[in-house]
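Morning, everyone. I have one structure to walk through today.

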Amino acid sequence: MAGFDRAEVLRYLGYHGQALDAELLARLEDVMRACEKAVKPRCVWRAFPLDRERGSDTCVWLEGMPQPLEGKDIAAHLQGAREAVLIACTLGSSYEREYQRRVAVSPTEALFFDAAASALVESAASDAEEQVTCYAAERACAVNRRYSPGYGDFPLTVQKGLLDALDAPRSIGLTATSECLLVPTKSITAVMGVFDGAVSDAVRASCETCALEGRCAWRKQGRTCCGDDA
């Protein structure tokens, strides 16, 4: 399928190689097609020069942003970068409407739809990441991977400032609650670095540094959010 593949959806369903009958797989394929038809991802991204005078090893200031990106991890991730690229992607409110409709009709299909939506928004974020990579390449620069609020010591409290900097509430309908949760729910925000020379990739996702350490649904299944065995 154009937006995502079955293996990724199965990963979100907690698939470990169990036997799957043809009828179940056919239902999954139908739901995936329905999800891709009903839900249209929207993304926005923008590059910001780093304000080096105010930066430190515990925060990063971007020109034009009224608040810093806080945390040692994001500071390390952007160490030596010329720009930081903020990314926001969402499936919008159409996901919630369709999901609730399926909950009332078939819990199994609702579960499939939720997994398909998770894979779809992840695919949209990967597409945005590829656009940023092309943006950097056109300037003879390199990028590191995207890193999201909520991982390591990069706090969720940056969400509102990040969304405001991207004008995401107006442009793609993405906001954050007072508890810093993204609305609509199937959404992703992230930061990438653009580098003239050596690329910093100091922050690597790990269960030990994750904000969900000790209460992660993936770990309970014996896996990690990166798809590796725990």
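The chain has 8 helices and 8 strands. Helices here are DSSP runs of H or I with at least four residues, strands are runs of E with at least two, and both are numbered from the N terminus. A word on where this comes from: the model is predicted, local features need pLDDT of at least 70, side-chain atom pairs count only at pLDDT 80 or more, and totals for chains, interfaces and linings use all residues. Residues are numbered from 1 along each chain as its sequence is written, and side-chain values use heavy atoms, with hydrogens and water left out.

Now the overall picture. Of the 230 residues in the chain, 44% are buried. Buried means under 20% relative accessible area, exposed means over 50%, and partly exposed is in between, with a 1.4 Å probe and protein chains only. Contact means heavy atoms within 4.5 Å. Take the contacts between residues at least 6 apart in sequence: 72% of them join residues at least 24 apart.

Next, helix H5. It runs over residues 107–138, which is 32 residues. From first C-alpha to last it reaches 47 Å, close to the 46 Å expected. That expected span is 1.5 Å times one less than the number of residues. Just after H5, Ala 140 takes a positive phi of about 60°.

What packs on H5? Start with helix H4, residues 93–105: the two pack at an angle of about 155°, with axes 6 Å apart. So H4 is roughly antiparallel to H5. On the terms: axes are lines fitted to C-alpha atoms, for helices over the stretch in contact, and angles run from 0 to 180 degrees between N-to-C directions. Under 35 degrees counts as roughly parallel, over 145 as roughly antiparallel, 65 to 115 as roughly perpendicular, and the rest as oblique. On the H4 side, the residues that meet H5 include Tyr 95, Tyr 99 and Arg 102. Their partners in H5 include Glu 109, Phe 113 and Ala 117.

Then helix H2, residues 22–38. Its axis comes within 9 Å of the H5 axis, and they cross at roughly 55°. That makes H2 oblique to H5. H2 brings Leu 24, Arg 27 and Leu 28, among others, to this contact. H5 answers with residues including Glu 109, Phe 112 and Phe 113.

Look at Glu 109 in H5. Is Glu 109 buried or partly exposed? At 24% relative accessibility, it counts as partly exposed. Not counting residues up to four places away in sequence, Glu 109 touches Arg 27, Val 31 and Arg 102. Glu 109 and Leu 28 are 81 residues apart in sequence, yet 7.6 Å apart in space, C-alpha to C-alpha.

Asn 144 sits between strand S5 (142–143) and helix H6 (159–165). Its relative accessibility is 4%, so Asn 144 counts as buried. What lies 2.8 Å from a polar atom of its side chain? One such atom is the backbone oxygen of His 77. Another is the backbone nitrogen of Gly 193.

Ala 81 is in the loop between helix H3 (72–77) and strand S4 (83–90). Ala 81 is buried, at 0% relative accessible area. Leaving aside neighbours within four places in sequence, its contacts are Leu 50, Arg 52, Gly 193, Val 194 and Phe 195. Gly 193 and Phe 195 are also among the contacts of Asn 144.

Key
Polar contact = N/O pair within 3.5 Å; in protein donor to acceptor, adjacent residues only side chain to side chain.
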